[in-house]
Each structure stands twice: as C-alpha cells, then as structure tokens.
Amino acid sequence: MKNLQLPFDLARIREIAAEHPTPFHLYDERGIRENARRLLKAFGWNPGFREFFAVKATPNPHILKILREQGFGADCSSLAELVLAERVGITGEAIMFSSNDTLAKEYLRAKELGATLNLDDITHIEYLERCCGGLPELLSFRYNPGPLRQGNVIIGAPEEAKYGLTREQLFEAYRIAKERGVRRFGLHTMVASNELDRGYFVETARMLFELARDLQERLDIRLEFVNLGGGMGIPYRPEQTAIDLEALGAEIHALYDEMIVPAGLDPLAIFTENGRIITGPYGYLVTTAIHEKHIYRDYIGVDACMANLMRPGMYGAYHHVTVLGKEQAAADHVYDVVGSLCENNDKFAIQRPLPKIDAGDVLVIHDAGAHGYAMGFQYNGKLRSAELLLREDGNVQQIRRAETLDDYFATLDFAGIR
Ligand SMILES: *Cc1c(COP(=O)(O)O)cnc(C)c1O
C-alpha cells in the first residue's frame, strides 16, 4: 500500500502559505535523502554502482545539490541540463549524457564537460566525430531490444519507440567505435517508464548481462558498466505498492553472480538513471480551493492548473489528493478537481470521492516531485508557481520563485505595436 503520510499538517501549511502564497511545489528534503541512501544501500554490493539522477525530472539546483551530496551523478539530455549539472558542480563522468536527436552544440558541451556520452544511434558516431573533432575515450550506446521486449503505456512498445540501436546495429557500432580508437565502453537501455514490477528491471539486467558476454565473445570488448536506465515506477494510487529496492538489488546481485562473475567480467559497474523514484513521492503540489460549481457534475476549482502539473492532463495519470485537515473525514462527495485552463483536460482528479470541500480548503496533490513542475508550461498565460524546500530542520526555503507577468512578457518586443 502507498504511504499517505505527509511531512506537514494544515497548521504548518497555513504558516508557509502566509509567506508563500499557494500554489507551490513543496519538496521534502528528509524523504529525498533517506530514499537516496536506500537505493545506494540496495546496490552497495556492486563496486561501481552509481545513480545518475535524471535532471529532467526535477531540474532545480537545490535538489541536485542534495543528490550530489548523496553521491549521485546527473543524467542529462539537453544543453540546459548540462549547464545546470555543471553549475551544481556535477561534471566529468558524473554526468551521463543520454540524449536523442542530439544537436551538435549539445555533444560539444557534453564532451567538453567530460561527460559519458551515451549514443542513441549508430550514425551518431560519425556525427560526433564531425562536430567534436574526434571520439572520446569512453563511449556508451543505447540498445533498443525491439520485439524482444514488451514496453508499457508511457514509453510505448520498444519496437515503436524512437530510441536506441537495433541489436545488429549495436554490435556494428561497438566494432566501429573500437576501430576508431575508443578504449572504454558502456551499454545502456531504457524500455519502460513508471514500471512498478521489479521483475521487469531484473529482466533488463539479464538482457544487458547477456549482451556484455556477447560483446566480450564477439568483439573482445570488455564493458565497464551497464546502465539500466530510469523508468522505475512509484505508487501513485493508494492501493499500489512501491518497488522493493532491497529485493531488486538482491535479485540483480544473484544474476550478477550467476552470469557476470563466471564469465570473468567482474567488476562490471551497474548504473541507473532514475528520476521518478528519487524525488517523485517527496514533492507535493499545494493548492487552495477557490470555487465550487455544481452543474451536471460537481467541480472544485483550485488556484493551481495544468501549468503546474501536466501528468493528469497529458497521460490521464492519477495523483492522490488529500484535503488537509479533513484526512479523517468520510469521502462522501464526488468531485472533478479542476484548474483554470480553457482546456477540459485541466483536471487534477476526475469523479474522485473526497470529503466535502469548501472554498479556502488546502488540497495537497501527491507525487508531484518528479515530472511535475518541470513539465509546466505557460499556455493560456498561466504562470509557473514557486518551488519550496522543506529542510531537514523543519525550515522552509524558497528554491525557485514564482513567475511574474514580466517573465511571461520577457521574450516579446512591443516596440512599434501601437
Ligand atoms: C526520462 C528518462 C529517465 C528518467 O525516467 P524516470 O521515469 O524519471 O525514472 C532516464 N533516462 C532517460 C534516457 C530518460 O529519457
């Protein structure tokens, strides 16, 4: 079962809101740190284990600093994410650059930073040589198993996914890279998103371990690491259960002892580049009910909208909602909880049983700590909210201010318009 415990109560949120008006995203530093340590411990048996936090999930320097302090690297896929990682002090091989459809200037910056380049296509070997004046010493490739694996809803079936190299291309790519002087190699894949079944990731490890053996046999290439990618899921729904990280670590350990050690491929570092499981459950979108409306359905209008959290509108995703101070009240009303966009998919909850909600009630939308703020946009002239950090000592620090109208108009030029 999902953990519905909140690291704050109504009184504390009222204090915070007096200084930082709703809506805002609030991140729980203690939760993030404890969870980070838990992941590292689960894979502590693997000497080179490293998690590269997927920056796109929560691209805020204060969050990245916390994760850097826990020993995490950064998984980047754009110029802005590379610059962000660098400015937080994450550089060199602590950056995994897992991009696709990559721009020359992005490869250039990644190579300058000494990042590990994880190529999405065989043609990128030449592209990289041309735009960066040569290949780096270390190179990784992203494998797409195609029909050999099932995907899931968010990422799609591997066969239909735009990412990675086919199996045939993969061997060819390593052969070419080796021929052109690359000396160190890694292997990456990512075939699921928001997947709660840990068996899926054990199978991914098996697939990569098999490839590690094949690469050794066929091309005499000894991999330094296999990167399982991101995509581990979190229980958005109350009846779902989080991935048992300790069991996952142990099962992959057993597989490693069975497949990697006897093949003489030990040590082989295991990398992950999760975003969602690292920060997702430890971020909350806090919003105030401002309107109630009764037509064919009963609506609660809140002061946040899809600009702050797109997942429900974009994927039909479920996010749990708690009405603060009414945790124990019976969920005897059925509401659509909506934002103010002129888009009918701007709904945080649809036909959701909740306690009776009155204007002024504070609603907490759970699991907004990853792919939440980050996906926000300004459609309809809606501005993105602030991000706050609930520190381990209980204090609250603003780690991103809310946007203003000036931000919205900053890229426009009104000269000569009237
Ligand atoms: C998005 C992404 C991740 C992180 O995904 P999560 O679902 O947040 O774990 C990791 N690697 C790559 C290449 C990605 O595109």
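Start by selecting Arg198, which counts as partly exposed because its relative accessibility is 28%; buried means under 20% relative accessible area, exposed over 50%, and partly exposed in between (1.4 Å probe, protein chains only). Before moving on, note that this is a predicted model, where local features need pLDDT of at least 70 and side-chain atom pairs count only at pLDDT 80 or more, while totals for chains, interfaces and linings use all residues. Residues are numbered from 1 along each chain as its sequence is written, and side-chain values use heavy atoms, with hydrogens and water left out.

**Salt bridges**

The term stands for a side-chain nitrogen of Lys or Arg within 4 Å of a carboxyl oxygen of Asp or Glu. Helices (H or I, at least four residues) and strands (E, at least two) are DSSP runs, numbered from the N terminus. Glu251 has a relative accessible area of 31%, so Glu251 is partly exposed too.

How many salt bridges does the structure hold? There are 26. Select Glu137 and Arg184 for another one, with N and O 3.1 Å apart. Glu137 sits in the loop between α6 (124-132) and β6 (138-143) and Arg184 in strand β7 (residues 184-189), so the pair ties together parts that are 47 residues apart in sequence. Glu137 is partly exposed, at 48% relative accessibility.

Next, pick Arg297 and Asp336, whose closest N and O atoms are 2.9 Å apart in a salt bridge. Here too distant parts of the chain are linked: Arg297 is in the loop between β10 (283-294) and β11 (298-302), Asp336 is in strand β13 (residues 333-338), and 39 residues separate them.

For a network of salt bridges, select Glu29, Arg33, Lys65, Glu69, Arg391 and Glu392 together.

**The ligand**

Centre the view on the ligand, which 13 residues surround (each with a heavy atom within 4 Å). The closest are Lys56, Gly231, Glu273, Arg276 and His371. Click on His371 to find a polar side-chain atom 2.7 Å from an oxygen atom of the ligand. At Glu273, a side-chain N or O atom is 2.8 Å from a nitrogen atom of the ligand. Gly231 uses its backbone instead: an N or O atom there lies 2.8 Å from a ligand oxygen. The ligand taken alone exposes 390 Å², and the protein buries 91% of that.

**His320**

Go to His320, in the loop between α11 (311-315) and β12 (321-323). His320 is buried, with a relative accessible area of 14%. Show Tyr318 as well: the two side chains make a polar contact at 2.8 Å (N or O atoms within 3.5 Å; within protein, one must be able to donate a hydrogen and the other to accept it, and residues adjacent in sequence count only if both atoms are side-chain atoms). Beyond neighbours within four places in sequence, His320 is in contact (heavy atoms within 4.5 Å) with residues including Lys2, Tyr236, Arg352 and His366.

**A last stop on the surface**

Finish with Leu405, in helix α12 (residues 405-409). Leu405 counts as exposed, at 52% relative accessibility.

Note on methods:
Areas by Shrake-Rupley, 256 points an atom, 1.4 Å probe, with all protein chains shown as cover.
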